[in-house]
Amino acid sequence: EGTCAETYVVKAPALSCNASSDYSIQETCTTKDISSLFSTWKNAFTYSGGCAPIIRYLVSINDGTEVEYQSIANITAPTFCGGKVKIKILVKDACTAEKMCMSTFFVPTRPTLVAEGPKDVTKEACASTSDFASWKAAFQYTSGGCNYKIKYEVSINGSSLNVVANLSSVVAPSSCGGSVRIKMTVTDDCDQTVVKDATYTVPTR
C-alpha cells in the first residue's frame with residue numbers, strides 16, 4: 001500500500017513595534033500649542049503581527065522614574081515652558097521574545113529671564129542730581145523670557161508705591177532733600193519673575 005502524508009504549518013505573523021524618531025521643538029517662544037504635535041508623535045507608537053500579543057508602555061516624565069501603563073491615551077504633552085516625555089512600547093506573545101521601541105518628546109526650557117537695575121544711591125547734601133537720569137535708565141529688561149511684561153512702581157519721599165506706565169515722567173528729588181524709589185517687576189508667560197528695587201536719596205538740608 002502507498003503512504004500519503006500532509007504537513008500543516010501554522011506561522012504567526014511576525015510581531016513588531018513602531019515609534020517615531022525623537023522629537024524636539026526648536027522654537028523658543030512661538031509654539032505655545034504643542035498638543036497636536038505631541039498627539040501625532042504619540043500616535044506613532046504602534047505594533048503589528050503576533051498572536052494575542054501583550055502590550056505595555058513605560059513612561060518617564062522629565063527624566064523621572066518609569067511608570068507602567070496599559071494605554072498612553074491620557075499621557076499629556078510637556079508644558080510650553082519646557083519638559084520631556086519618554087515612552088517605551090513593549091510587545092510580546094507566546095512565540096516571540098519581548099520587543100521594545102522607544103522615543104522622547106522634548107520641549108527645551110525657555111530662556112532665563114534677565115533684567116538689570118541700579119543700586120541704592122544716597123547723595124551728599126547739596127550734591128548735583130545730574131546722574132539721576134542714568135540711574136533711572138539702569139532699570140531695564142536685558143534678555144530671555146517668553147513674551148515678557150514690565151511693571152513699574154514708584155514711591156516719592158516714602159509714599160506708597162504707585163504703578164506708572166513708564167519712567168519718563170519720574171524726576172530726581174529736590175536738591176533740598178527727598179527720595180525716589182523705583183521697583184521694576186519683569187514677568188513672562190512661563191511664570192519667571194525678576195524684581196529690581198532701588199532708591200535714590202538726597203538728604204534733607
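Good morning. A salt bridge, as I use the term today, is a side-chain nitrogen of Lys or Arg within 4 Å of a carboxyl oxygen of Asp or Glu. The structure before you is a predicted model, and by this rule it holds seven salt bridges. I shall discuss three of them in turn.

Let me begin with arginine 56 and glutamate 98, whose side chains meet in a salt bridge with an N to O distance of 3.2 Å.

I turn next to aspartate 189 and lysine 149, which form a salt bridge with their closest N and O atoms 3.1 Å apart. Here too, distant parts of the chain are linked: aspartate 189 sits in the loop between strand S13 and strand S14, while lysine 149 is in strand S11, 40 residues apart. Aspartate 189 has a relative accessibility of 28% and counts as partly exposed; lysine 149, at 46%, is also partly exposed.

Finally, consider aspartate 131 and lysine 123, a salt bridge in which the closest N and O atoms are 3.1 Å apart. Is lysine 123 buried or exposed? Its relative accessible area is 16%, so lysine 123 is buried, the cut-off being under 20%. Thank you.

How values were computed
Residues are numbered from 1 along each chain as its sequence is written. This is a predicted model: local features need pLDDT of at least 70, side-chain atom pairs count only at pLDDT 80 or more; totals for chains, interfaces and linings use all residues. Side-chain values use heavy atoms; hydrogens and water are left out. Buried means under 20% relative accessible area, exposed over 50%, partly exposed in between (1.4 Å probe, protein chains only). Helices (H or I, at least four residues) and strands (E, at least two) are DSSP runs, numbered from the N terminus.
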